[in-house]
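User: I've got a model open and would like to talk it through. Can you take my questions one at a time?

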Amino acid sequence: IRFTDNHESEQAEQYLSLIKKTDEAFEELVNYFSEVDEPTIIVMFGDHQPSVESKFFDSLYGNSAGERTQEEILKKYQTPFIIWANYDIKETTIDKMSANYLSAYVMQEAGLEMSPYQKFLMRLYKKLPVINAMGAIDAEGNYYESAKETPYKDMVGEYQILQYNNLIDTKHTVESF
């Protein structure tokens, strides 16, 4: 992407330079752990797209922020992730998964014991692979402006209670859960 004014691309250029350094550091980390005998899993992800000039995103999306649909806005919050292990794990490409499921997914793929909360998350993931403040996407790819608008609103309500209990009301968290 080229801009006419150098100052218009400063943040994007810095971001892209740091991505390159991150890739190099990740390669070094993977190379190190590929020689370690202890079973190791490395997960790398981001929680949102970078904060860069709006013209950068306008060029990527082909329209301005005001012209984007709710689904296109949601795409700004999609980030890739990678799960690497120094032992054989199933190679999979995941089309959509919100970050709230990632730790439970890693536990499942590692074959580790999961809490009832993590098991619940994986059941919800099968129905609504994306659920966040911007909306939800079900397993068939249907977009909803609110997770409560989905056919799984009862399960979403349960999730909100469990999430609150797990993250906020920690004095009353059921330890086994």
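**Walking through the fold**

The chain of this predicted model follows the pattern α-β-α-α-β-α-α-β-β-β-α when read along the sequence.

User: How many helices and strands does the chain have?
Analyst: Going along the sequence, the order is α-β-α-α-β-α-α-β-β-β-α. Sorted by type, that comes to six helices and five strands.

User: What share of the contacts between residues at least 6 apart in sequence join residues at least 24 apart?
Analyst: A contact here takes heavy atoms within 4.5 Å. Among the contacts in the chain between residues at least 6 apart, the share joining residues at least 24 apart is 57%.

User: How do the rings of Tyr32 and Phe33 pair: stacked, tilted or edge-to-face?
Analyst: The structure holds two aromatic pairs. For Tyr32 and Phe33, the ring centres are 4.9 Å apart and the planes sit at 90 degrees. Planes over 60 degrees apart get one particular label, so this pair is edge-to-face.

User: Which counts as exposed and which as partly exposed, Tyr32 or Phe33?
Analyst: Exposed needs over 50% relative accessible area. Tyr32 has 55% relative accessibility, so Tyr32 counts as exposed. Phe33 is at 23%, so the label for Phe33 is partly exposed.

User: How far apart are the mean positions of the positive and negative charges?
Analyst: The chain carries 16 positive and 30 negative charges. Taking the mean position of each set, the separation is 6 Å.

Notes: Residues numbered from 1 in each chain as written. Predicted model: local features only at pLDDT ≥ 70, side-chain atom pairs only at ≥ 80, totals over all residues. Heavy atoms only, no water. Phe/Tyr/Trp six-rings, centres within 6.5 Å; stacked < 30°, edge-to-face > 60°. Buried < 20%, exposed > 50% of the residue type's maximum accessible area, 1.4 Å probe, protein only. Helix = DSSP H or I, 4+ residues; strand = E, 2+ residues; numbered from the N terminus. Lys, Arg positive; Asp, Glu negative; His and termini not counted. Charge placed at Lys NZ, Arg CZ, Asp CG, Glu CD.
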